[in-house]
Amino acid sequence: MDWESWTRALKGKASTATATPKPDYGLHTLVHKDSEASGQVDIVAIHGLNGHYLKTWTDEDTGVNWLKDIIPKVVPAARVMSFWYNSTLQFSKSTSDISVFAHQLLEDIVAVRDTIEESYRPIIFICHSLGGLVFKQAFNVAKENDKYTSIANHTKGVMFFGTPHRGSGLASWANILGNVLKAASLGTSTNVQLARDLEPESKLLERISESFISNCGKIQIVSCYETSKMKFLNCVVSEPSPSSLRIQSVNIEL
């Protein structure tokens, strides 16, 4: 074997060794139920920034996953699903935004509710951080698009955990970092568009919230929000929902 052939062989082995599997983005069913059974409910969890469909909901110390291990004990009739999307801001080449994530979510929910019984099941959403904004946009689209009418009509409740309805100061830091990385030509990037959409007083978030206020109707809403600053940041990630949503909800401080 000549030097050139040997070098190519080594490069091939190195690329094979360092190859990482492609993320399995989409809706994952964690607790299954009979597709033709009646009296069931669908629970859909949506993680937040830099989140994961399993890790976000798993206690690091005990390994207990809230979706798989706790919810079935409280709601035995629930099919539990978790939506995974590319919400990474730093070191991500994704150009997706909230609207793209919302459409992906709707398409995946339609796909899993394909029997008559499933299409009539009530749906409850559990949303963390950015996930709450993705849900609101998805619900707005469902109200306006006949393809997703069943989702809108059967959404009965939503729980917001730390959702920055009016944006978050964290987004400004991500936006600055993204521009620095680009300027430094480090060969990676940040999803700057998503970061800008999440900045305080974002026009996009304002439009999403205004539409949601008009569309949400009789949906039962529970909002959990932060009242203390994170130890290493000079900002609070989310605010009390009454000033943000301007709709009736049960509010819980974290």
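Contact is taken here to mean heavy atoms within 4.5 Å. On that basis, residues 24 or more positions apart account for 80% of the contacts in the chain with a separation of 6 or more. The structure is a predicted model, in which local features need pLDDT of at least 70 and side-chain atom pairs count only at pLDDT 80 or more, while totals for chains, interfaces and linings use all residues. Residues are numbered from 1 along each chain as its sequence is written, and side-chain values use heavy atoms, with hydrogens and water left out.

The mean pLDDT (the predictor's confidence in each residue, from 0 to 100) is 78 for the chain, with 67% of residues reaching 70 or more. Over residues 171-188 the pLDDT stays under 50, although the model has 26 contacts beyond four places in sequence for this stretch.

Ten helices and seven strands make up the secondary structure, where helices (H or I, at least four residues) and strands (E, at least two) are DSSP runs numbered from the N terminus. Of the 254 residues, 45% count as buried, that is, under 20% relative accessible area with a 1.4 Å probe, protein chains only.

Leaving aside neighbours within four places in sequence, Phe125 is in contact with residues including Val44, Ile46, Leu105, Phe135 and Val158.

Conventions. Buried means under 20% relative accessible area, exposed over 50%, partly exposed in between (1.4 Å probe, protein chains only).
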